[in-house]
Amino acid sequence: PGPIARPGTGKPQEHPALSVVRENKVLDEFRSNDRFEIYESPELKPFVLIGEKNPSADLQGIFAKFEDLLPKLYRTFMQEFGETPQLNLDRIENSELPIVFYTRRATYDQWWRNVYKKPSIPQVTGVFSYPGRRVSLYYDSALDTIDSGRTREVLLHEAIHQLVDHYTRGR
């Protein structure tokens, strides 16, 4: 299926079946890898949280820290931009915006090298990756106990990039 007209606007919109295909493609890499745990919930949509399993990392605790924050971000984004007559953005119905928490610096650095073909920047602990259309973060549990606001700031900043990319990619 190809683009269809958005009812009442004549604007093209993606066929709903393609959205489901894209959602599956985004998460397939992680579903087939037992090193990662996926957390999805209706309240969290359109985001999905993915964590690198690690005996020293409490993934459920990490996910819980952001489960309320990301829906608030999305609601605010849609209120500020989505409901404006100039943009009139459709809500994202599927869990298709992945946020990946790497719990080991070495695996975050390896992911960075694989994507950007150069060493990671030590001070950069999170980025929205345009090639992968995902937010990837190094979650340092020791540092988070000292400065938990830092991870939140990085996550919010990168998730905004992700939302803007999602809504501008096809325009």
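Reader: Which residues of helix 2 (residues 59–67) are buried?

Author: This is a predicted model. In helix 2, the buried residues are Leu59, Ile62, Phe63 and Phe66.

Reader: How should I read that spacing, and where on helix 2 do the buried residues lie?

Author: The general idea comes before the case. An α-helix makes a turn every 3.6 residues, so positions three or four places apart point the same way. Viewed down the axis of helix 2, the buried residues fall within an arc of 95 degrees, so they line one face of the helix.

Reader: How many residues does the largest nonpolar core have, and which of them have the most contacts inside it?

Author: The largest nonpolar core has 28 residues. Phe47, Leu70, Ile99, Phe101 and Leu163 have the most contacts inside this core.

Reader: What is Leu70 in contact with, leaving aside its neighbours within four places in sequence?

Author: With those neighbours left aside, Leu70 is in contact with Leu44, Phe47, Leu49, Ile99, Leu155 and Ala159.

Reader: Is Phe81 buried, partly exposed or exposed?

Author: Phe81 is in helix 3. Residues count as buried under 20% relative accessible area and as exposed over 50%. Phe81 has a relative accessible area of 42%, so this residue is partly exposed. Leaving aside neighbours within four places in sequence, Phe81 is in contact with Leu87 and Leu89.

Reader: How many cavities of 30 Å³ or more does a search of the whole structure find?

Author: Again, the general idea precedes the case. Rolling a probe the size of a water molecule over the atoms shows where empty space is left. Searching the whole structure gives one cavity of 30 Å³ or more. The largest cavity holds about 40 Å³ of space.

Reader: Which residues line the largest cavity?

Author: The lining consists of Thr125, Leu137, Tyr138, Asp140, Arg150, Thr151 and Val154. By type, the lining divides into three nonpolar, two polar and two charged residues.

Reader: Which element supplies the largest share of that lining?

Author: Helix 6 does, with three residues. Strand 7 and helix 6 each supply at least two residues of the lining.

Terms used. Residues numbered from 1 in each chain as written. Predicted model: local features only at pLDDT ≥ 70, side-chain atom pairs only at ≥ 80, totals over all residues. Heavy atoms only, no water. Buried < 20%, exposed > 50% of the residue type's maximum accessible area, 1.4 Å probe, protein only. Helix = DSSP H or I, 4+ residues; strand = E, 2+ residues; numbered from the N terminus. Arc of directions from axis to C-beta. Core = buried A, V, L, I, M, F, W, Y, C linked by side-chain atoms within 4.5 Å. Contact = heavy atoms within 4.5 Å. 1 Å grid on protein atoms, 1.4 Å probe; cavity = no way out; pocket = protein on both sides within 12 Å on 5 of 7 lines; lining within 4 Å. Points joined across faces, edges and corners; volume = space filled by probe spheres on them. Nonpolar A, V, L, I, M, F, W, Y, C, P; charged D, E, K, R; others polar.
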